[in-house]
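I opened the model to look up its two chains one after the other, and then the place where they meet. These are my notes.

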Amino acid sequence: MYVAVKGGEKAIENAHNWLSEIRRGDVNVPNLEIDQIKEQLTLSVERVMSEGSLYDTDLAALAIKQSRGDLIEAIFLIRAYRTTLPRFGTSPPIKTEDMVCMRRISATYKDIPGKQKLGPTFDYTHRLLDFSLLAEGNIPKAEKRKVLKEKIPHVLRFLNKEGLIQKEKNNNYQPKDITRNPLEFPANRSERLQSLSRADEGFLLALAYSTQRGYARNHAFVGELRIGYVKVKYNIPELDIEIDIAEIIVTECESVNQFQGSKKTPAQFTRGYGLTFGQLERKAVSMALVDRALRWKEIGEEFVGAPAQDEEFVLSHCDNIQATGFLEHLKLPHYVDFQSELELVRRIRKEYEKNK
Amino acid sequence: MERKFWLSTLATCNDAHLTSLWEKFGIEVNFTWLRKPEIGSIMCQGKIGVTGNNFNFGEVTITRCQLKTSQGKIGHGYVQGRNKYKAEIVAICDALLQTNKRDFLIKNIIRPLVVSDKNLKKDVMSKSASTAVDFFTLVRGET
């Protein structure tokens, strides 16, 4: 017999009303506006866009407000909204070589065409609390310098010229969209990178860190990190004209990793690639390291059983919305499941007593 | 000026800037919708290691619409984001840019948008240039 239990509507409604009230906080404090979040909590907004896998600053800011600043909850809202959108098409790949760079650094070469440009970075700050932000502190103005008309080429090109680094394979592979086709293992690198680019930053950081500490030995250099504006192109189907339909901020990281060489190939450097929406350096670097670790088979390395090498483990657990969905459902009523477990344990104990 | 250029400029321009430029001139246009503004997305692709295979990177919100003016010109409004009014203005501009209003619109709407985007980028690049590292070497002791 199964008896459905109903109830709780009133309690749920009241809980949500209280949630709304508590979200607003002290009404004597001015209401937080979406534009303020968009302009002043940009890195939260960008993280929500990246892991929500939808570039829209207004929506991300709204989601952050609605979720009381709980970024995973905000990402959940974006993912849910994303599924309601009709897909108008696919862009050709963005050209990061044409990026209007805010920041561009290389940890492998000091002198590079286009120079090392630090951009608006937390690096080299002393991580001391700035109490002037408590008050109406004076904001220093950003300096400006004459812009030289120079290209900012990708640094790894220089290694490429000498054949010292592996070339990227390009066989015009048509990537499957993992939001429409379930991921299959073994996955192609294109599908892996889609998965990693929407993955949880904390998870990628921990895995990347594990590779640095020796779980999957690959010593990484940041060959290049660049952050800036790129155009997204789109072919208007009715006109067959390709236009710049959007402009987005992205972070790109190319890592350089050593490879001892094998019987077939001489020693050369190998690559890892990271690309994210927004200015998410930590995530882009982590992504590049994890991408590299996952490439062990193709490169001819040994599988040492490290978590970061295990594609199925990494890709099945890197999505924080999948993870949080399964985890948080534990809070929902399991009265019947538990009842059956209770019955079972009681019966086993009774049999145990009888046979003692 | 090519259609590709004005459509690109209009798709990526600042919403508020376009709206204020458009409303300043109060151009009245009669049109019928071929497709009312609708919000959707496009999948943006990346390229592995700059030169490798493509991969699906993430989606971007897009609004699109099509209309036909009483003069019989068809205008396409494709814009980044979810601003339906912006998509409408873009579609009207696209239609008018195919008529004798073209020079007026280029001068008063497209050019100002191009200039303001150029200034924005110049601002970013010049601030970035100010953070360029000038290395110097210190030599200690006898060489």
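How many helices and strands does chain B have? I counted four helices and three strands in chain B, taking helices (H or I, at least four residues) and strands (E, at least two) as DSSP runs numbered from the N terminus. Before going further I noted that this is a predicted model, in which local features need pLDDT of at least 70 and side-chain atom pairs count only at pLDDT 80 or more, while totals for chains, interfaces and linings use all residues. Residues are numbered from 1 along each chain as its sequence is written, and chains are lettered from A and ligands numbered from 1 in the order in which they are written.

**Chain B.** Read from the N terminus on, the elements of chain B follow the order α-α-β-β-β-α-α. Along the principal axes, the C-alpha atoms of chain B fill a box of roughly 85 × 35 × 25 Å. Of its 143 residues, 44% count as buried, that is, with 20 or more other C-beta atoms, placed from the backbone, within 10 Å of their own. Among the contacts in chain B with a separation of 6 or more, 53% join residues 24 or more positions apart; two residues are in contact if their C-beta atoms, placed from the backbone, lie within 7 Å.

**Chain A.** I then found 13 helices and six strands in chain A, whose C-alpha atoms fill a box of roughly 80 × 65 × 55 Å along the principal axes. Buried residues make up 35% of the 356 in chain A, and residues 24 or more positions apart account for 64% of its contacts with a separation of 6 or more.

**Where the chains meet.** The contact draws 65 residues from chain A and 49 residues from chain B. On the side of chain A that touches chain B, the elements giving two or more residues include helix H7 (189-197) and strand S4 (220-236), but the largest share, nine residues, comes from S5(A). I sorted that side by class into 29 nonpolar, 13 polar and 23 charged residues, with Ala, Val, Leu, Ile, Met, Phe, Trp, Tyr, Cys and Pro as nonpolar, Asp, Glu, Lys and Arg as charged, and the others, Gly among them, as polar.

Which sense does the pairing of S2(A) with strand S1 (residues 31-47) of chain B take? They pair in the parallel sense over three bridges, where pairing requires that DSSP finds at least two bridges between two strands. Here I located A:Arg87 opposite B:Ser41 in S1(B).

Definitions and conventions. Buried ≥ 20, exposed ≤ 12 C-beta atoms within 10 Å, placed from the backbone.
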